[in-house]
Amino acid sequence: MKLVDAVQRLGIEHLFEVQIATSLSDIHGSEFNSSSLQEVAIWFRLLREHGLWVSPDVFKKFRGEDGTFNEYIKNDPKGLLCLYNAAYVFVHGEPELEEAISFARHRLESLAPSLRSPLAEQVQRALHVPLPRTYRRLEALHYMPEYEQEEGHNPVLLELAKLDFNILQRVHLKELKAISEWWNDLYGSVELGFVRDRAVESYLWGYSLFYEEDCSLTRMFFAKLTAVHTFLDDISDNHATLEEYQKLDAAIQRWDESAISLVPEYLKKLYIKLLSCFKEFDDELARNRRYPIDHMKTQVEYCTTTSVTRYPYSCACMQFQKQSNFYFQEAEWAHQNHKPSFKDKLHLSTMSTGVPQLCVSMMVCKGDKMPKGALKWALGHPDVVMASAKIGRLMNDIASSSKRRKNKADVACCVEWYMSENKVTQEVAFAAMDSLIEDEWKSTNQARFEHPRELLPAVQRVINYTLAIPVYYGGRKDAFTFSSHLDHIIKSLFATPIPIPIPIQ
């Protein structure tokens, strides 16, 4: 069990997927008796993270008759840290785990000044972002030097982790060069300097879902789609009038060169490039025998009711059309000074994040590498996808509310909408948004148990996307817009190899 935990945290679980699945299945099917808080908490977290249900009742043995935690665990920092992390795989209706989080956090904050390395750093990171919500590749970078200090660590496992990270880093660096060249050609040719230059940041999104070497096509496809979405976002939010964006959206809905006459003059180069980009995506997927892109206009309904494997019409282009239309609806609301309820506002803002559309495109690109039925599942906007979109929307709006760019087409963010509707201060609205975010994390955890087990790989990929959101919007920062916040992360992941000492002969 501890070996599985170490393999995951070292970032090499992709090398042992079958062995990990078999081991955890065996552990789940066996009787587990331990009086160690650390062992019970690791057992609980690992099984739940892999979609194997276990009850929170396992922690009752660490409580007294009055329901409070036993005195002897209050000074066990390793056990408390494991309990704290384990409790964050909670689902709806588990107040005992919420209580465990509060208890463990309070004790860890009290013990923190007296802790030594590496436990001190692990506690500090967890109090900032608990382990089940961490960006896995960043955790691997933190954990490697810490694992080396653990008693009884496996030096061969550690060396494998370092070698694997460096090998993958070279692959990722080549891809970064390729996507930068692709973006520079696109960005330079459309001559829209007000659009954010975010090729590397978009690649980081794709990397968060698929870092493995054999996922290059999907990683690049997802990164390019994210970058292209930035054009629509910045045009609708920062520059275009409602009439101009309406014309662009009308052309995008037609999706044909003959619609170029509809497009405002300064956006015509972009429109032609969009058609070209999706043709490029289609050709690339066809060469790799993935779902074709350009057949969805009349076939999406068929796709949702028929075997996708037998008649694999993808929906990436139509998802882009939907995304454009969501941006237009937001711009229209702003122009008309429309005041919907907070619930309706949140729904539209959630859809306009692009997460539901990008998740469908992800399944399109993975094709038969994803479980049968994954595309149909994603087209239905399942709870785990919507939870990811809501977490992203609310964290983004909290981050941007203090540095919000007031442009003529701006729609008030969810924080401002909540303040206006409920007549409350910004801090009260922040607290309400944080509560909604926690609910969506519970839905994210619950998704591992709500779907057929064969869909779990698709669920986990969506969760990987969600785990990247705090990297961009944690700490009330908008690191996608103010990308200097990501400089250190990008250099660590893509440009700085892990030193590997050469043994002296």
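This is a predicted model: local features need pLDDT of at least 70, side-chain atom pairs count only at pLDDT 80 or more; totals for chains, interfaces and linings use all residues.
1. Glu 191 lies in the loop between α8 (155-190) and α9 (199-209). With 57% relative accessibility, over the 50% limit, Glu 191 counts as exposed.

2. The peptide bond between Ser 117 and Pro 118 is cis, with omega about 5 degrees. Pro 118 belongs to the loop between α5 (95-111) and α6 (119-128). These backbone features are noted because most residues other than glycine have a negative phi, and most peptide bonds are trans.

3. Helix α10 (residues 216-239) has 24 residues, which at 1.5 Å a residue should span 34 Å; the end C-alpha atoms are 34 Å apart, in agreement with that expectation. Of the 24 residues of α10, 21 are buried, so the helix is largely enclosed by the rest of the structure.

4. Across the whole structure, a search finds 25 aromatic pairs. One of them joins Trp 53 and Phe 449: the ring centres are 5.1 Å apart and the planes stand at 90 degrees, so the pair is edge-to-face. Trp 53 lies in the loop between α3 (37-49) and α4 (77-87), whereas Phe 449 is in helix α20 (residues 426-450); the pair therefore ties together parts that are 396 residues apart in sequence. Trp 53 is partly exposed, at a relative accessible area of 42%, and Phe 449 is partly exposed, at 24%.

5. Tyr 84 and Tyr 88 form another edge-to-face pair, because their planes are at 75 degrees, with the ring centres 5.1 Å apart. Both tyrosines, Tyr 84 and Tyr 88, are buried.

6. Ring pairs also link Trp 205, Phe 222, Tyr 465, Tyr 472, Tyr 473 and Phe 480 into a cluster.

7. The charged end of Arg 9 sits over the ring of Tyr 143, at 4.3 Å from the ring centre. Arg 63 lies over the face of Phe 69, 4.0 Å from the centre of that ring.

How values were computed:
Residues are numbered from 1 along each chain as its sequence is written. Side-chain values use heavy atoms; hydrogens and water are left out. Helices (H or I, at least four residues) and strands (E, at least two) are DSSP runs, numbered from the N terminus. The expected span of a helix is 1.5 Å times one less than its number of residues. Buried means under 20% relative accessible area, exposed over 50%, partly exposed in between (1.4 Å probe, protein chains only). Rings of Phe, Tyr and Trp (its six-membered ring) pair if their centres lie within 6.5 Å; planes under 30 degrees apart count as stacked, over 60 as edge-to-face and the rest as tilted. A charge sits over a ring if NZ of Lys or CZ of Arg is within 6 Å of the ring centre and within 35 degrees of the ring normal.
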